[in-house]
Amino acid sequence: MNNRARPTIEDLTDRIRLIRTPGIGPVTYRQLLTRFGSARAGIEAIPDLARRGRGKAPRVVSPTEAERERERVERLGGHYLALGQGLYPRRLAALEDAPPLLTAKGRLNLLDRPAVAMVGARNASAAACRFARGMARDLGQEGRVVVSGLARGIDSAAHDGSLETGTIAVIAGGLDITYPPQNEARQSDIAERGLLVAEMPPGTEPRARHFPYRNRIIAGLSDGVVVVEAAPRSGSLITARLAAEAGREVMAVPGSPLDPRARGCNGLIRDGASLVQDANDVIACLSPLDARASAAVAEEREPAPLPAVPDDAASAEVEALLGPVPVSVDELVRQSGVALAQVQLALLELDLAGRLDRHAGGRVSLIPA
């Protein structure tokens, strides 16, 4: 997992097969590679692990399907970024649920530069859009890449302001899908002059469930997140929460209490986010992170090695503690008295058997029969 060499075509095909298999998410993928050493070995182990979890193994994507996807990405002029290999961004790799594979098109070297995310309301005011565009331009002139989600409003303004100096757009659908449609020209410009990044395979139309996944990538690629206008319970606040959970700086631009679009930002400031009013404020907030960027923030997170020999009694004990209410893995370890590695193996077996739900914050629950 720590080999920075680019994956071979055969290994890349296996990685595509594994992550595109229904029911296998980033955590399960990472645990399979950690235990078995390669995507191919992980694929071969799935039937036995699912049998131990007393369920039906998922149908693994065929080599032909995976090769078809890989060829489609190549025709689009895109590249794969594989977790732990090649140019995969180290800041993003620090997340426990870092996406195992990304597709990207454009200037890959932007991933090596310091980055700050800018997000906000889709129905942003004209003044806020002008402010975001200017802040993004100023941050770019200070050497910062600006990351956003290519939505209407603040996202679009942030990309426009930083296109000349370096911008990364993370999209919720496939690399070849434009959303929203009115951003077609902007998305094409970013793919040529900036960097376009997608977790979903080509041809995937964005769905509501995809946007929180996109938001975690925006947060993970950045040293900090600036929120400019956001309503309560908006996607921008989800990005801010994910950034805080990842140990990144959360910053917000204050607004009038009379404007509903400012309530999210004002609430973030009330709850401890840094108040910023220009690019200099942002740079000042991020300076402490810059000093340790090569240490904890950029350190890839590896899951605990799984035990070589499964323990049936331990797996049964873990399963007995699970129910429909999500519970943390630490709580399972505490209540069962079973070692963390064995608990993770039991969860992996249940997951591959289609009997486990994984929730935000590393919590898990048993799917009712």
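This is a predicted model: local features need pLDDT of at least 70, side-chain atom pairs count only at pLDDT 80 or more; totals for chains, interfaces and linings use all residues.
## Basis of the description

Local features require pLDDT of at least 70 and side-chain atom pairs count only at pLDDT 80 or more, whereas totals for chains, interfaces and linings use all residues. Residues are numbered from 1 along each chain as its sequence is written, and side-chain values use heavy atoms, with hydrogens and water left out.

Helices and strands are DSSP runs numbered from the N terminus (helices H or I, at least four residues; strands E, at least two). Helix α6 comprises 16 residues and spans 23 Å from its first C-alpha to its last, close to the 22 Å expected at 1.5 Å a residue; the expected span is 1.5 Å times one less than the number of residues. Buried positions (under 20% relative accessible area, with exposed over 50% and partly exposed in between; 1.4 Å probe, protein chains only) in α6 are Ala128, Cys129, Ala132, Gly134, Met135, Ala136, Leu139 and Gly140. After α6 comes Gly143, with a positive phi near 90°.

The axes of α6 (residues 126–141) and α7 (residues 154–162) come within 7 Å and cross at roughly 35°. Axes are lines fitted to C-alpha atoms, for helices over the stretch in contact, and angles run from 0 to 180 degrees between N-to-C directions. The α6 and α7 crossing is right-handed, the near helix being turned clockwise from the far one by less than a right angle. Contact (heavy atoms within 4.5 Å) involves Ala128, Cys129, Ala132, Arg133, Ala136 and Arg137 of α6, together with Ile154, Ala157, Ala158, Asp160, Gly161 and Ser162 of α7.

## Cysteines

With a disulfide defined as a pair of cysteine sulfur atoms within 2.5 Å, the model contains zero disulfides.

Cys129 counts as buried because its relative accessibility is 14%. Cys285 is also buried, at 17% relative accessibility.

## Gly194

Gly194 occupies the loop between α8 (184–193) and β6 (195–198). Its relative accessibility is 0%, so Gly194 counts as buried.

Apart from neighbours within four places in sequence, Gly194 is in contact with Lys105, Gly106, Arg107, Leu110, Leu163, Thr167 and Asp189. Gly194 and Asn109, 85 residues apart in sequence, have a C-alpha to C-alpha separation of 9.7 Å.
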